[in-house]
Amino acid sequence: MLSTGPTTAESPDPADPADPPDPRTLLASRAPDAAARAWLDEAVARVADRPAAIHALFPAARRRCGRARLDARWTVDEAARVVLLTGLPLGGQPLADELARLFRHGDPAEQRAVLRALHLFDGPRDGDGAGREPLGDLALPLVREALRGNDSSLVEAALGPYGAARLPDAEYRQAVLKCVFQEIPLDRTASLTDRADAELARMLADFAHERVAAGRDVPADVWPVVGAFPAADRLADRLTAETSAAPPARRAAAERALRALHLATASASS
């Protein structure tokens, strides 16, 4: 079995959710021990020959490959599960049905692997997968199911490249707002720079005002989104009014928020 200790230097590599590293490449570049590699190679061959074999092999990945960390996002078992998924000789609806079964019968780690693999099926497949029907929108029900839950790791995985690219605008905005409420850093969500709009900025501005009115600080990653849109002007007026509030904690929170908003607005306009 692979070691469960760190496989890199003391801190994991940073990951960009908009262009995440392919877990298959990570796994190949940080070679597992011979027994784990042999098991995974055999498992991929079995899945390619008989897709139903994945039902037993997918849950076994952690026990057979370990859970060493490959980078800030991926562990060995999750990457191994992605290798198994991409070995499925399926496309379109049959692939979506198989992914749904694995997701709905899996534990959170297995569900994360499914969600994080979705973008790999979202376009032309290379190698033996060439010509298979892409997944398209067929896995959006899994993204929505994860977003309805309260497991922050699944919410984060659901807003990976697949979900962020395919969720309708209103659902994407609500998902980002849920990340803020669950204290999931927004730099772990994909496509925020491209998909942020005036309505999302307004929603985050309302959230920021509610936090200040409660005497609480606003997460720093909210400000770049708000500061880039007209919602910043209205929020600045509201925060200025809050600096005259009676409770000291509320006044102090408003002053800190106002400073952060001014910095974000200046950065957006430069």
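Ala232 is buried, its relative accessible area being 3%; here buried means under 20% relative accessible area, exposed over 50% and partly exposed in between, with a 1.4 Å probe and protein chains only. This is a predicted model, in which local features need pLDDT of at least 70 and side-chain atom pairs count only at pLDDT 80 or more, whereas totals for chains, interfaces and linings use all residues. Residues are numbered from 1 along each chain as its sequence is written, and side-chain values use heavy atoms, with hydrogens and water left out.

Ala232 lies in helix α14; helices (H or I, at least four residues) and strands (E, at least two) are DSSP runs, numbered from the N terminus. Not counting residues up to four places away in sequence, Ala232 touches Val226, Gly227, Leu261 and Thr265, where contact means heavy atoms within 4.5 Å. Ala232 and Arg202 are 30 residues apart in sequence, and their C-alpha atoms are 8.1 Å apart in space.

The protein as a whole has 15 helices and zero strands. Of its 270 residues, 48% are buried. Among contacts with a separation of 6 or more, 69% join residues 24 or more positions apart. The protein exposes about 12,800 Å², of which carbon and sulfur atoms supply 51%; accessible areas come from the Shrake-Rupley method with a 1.4 Å probe, and for residues only the protein chains shown count as cover.

In soluble globular proteins, nonpolar side chains tend to be buried together. In this model the largest nonpolar core has 89 residues, and Leu85 and Leu115 have the most contacts inside it. Such a core is a set of buried Ala, Val, Leu, Ile, Met, Phe, Trp, Tyr and Cys residues joined through side-chain atoms within 4.5 Å. Leaving aside neighbours within four places in sequence, Leu85 is in contact with Ile54, Phe58, Leu99, Leu102, Ala113, Val114, Ala117 and Phe121.

The 16 residues of α12 reach 22 Å from first C-alpha to last, close to the 22 Å expected at 1.5 Å a residue; the expected span is 1.5 Å times one less than the number of residues. Its buried residues include Leu200, Met203, Leu204, Phe207 and Val212, and also His209 and Arg211. The buried residues of α12 pack against α10 (169-181), α11 (192-195), α13 (223-227), α14 (231-242) and α15 (248-269). Just after α12, Gly215 takes a positive phi of about 75 degrees.

The buried residues of α7 are Leu140, Leu142, Val143, Ala146 and Leu147. Seen down the axis of α7, they fall within an arc of 160 degrees, so they line one face of the helix; the arc is that of the directions from the helix axis to the C-beta atoms. These buried residues pack against α5 (92-105), α6 (108-117), α8 (152-158), α9 (161-166) and α10.

In the loop between α10 and α11 is Arg188, which is partly exposed at a relative accessible area of 37%. Arg188 and Gly160 are 28 residues apart in sequence and 8.0 Å apart, C-alpha to C-alpha.

The protein averages a pLDDT of 89, and 89% of the residues score at least 70; pLDDT is the predictor's confidence in each residue, from 0 to 100.
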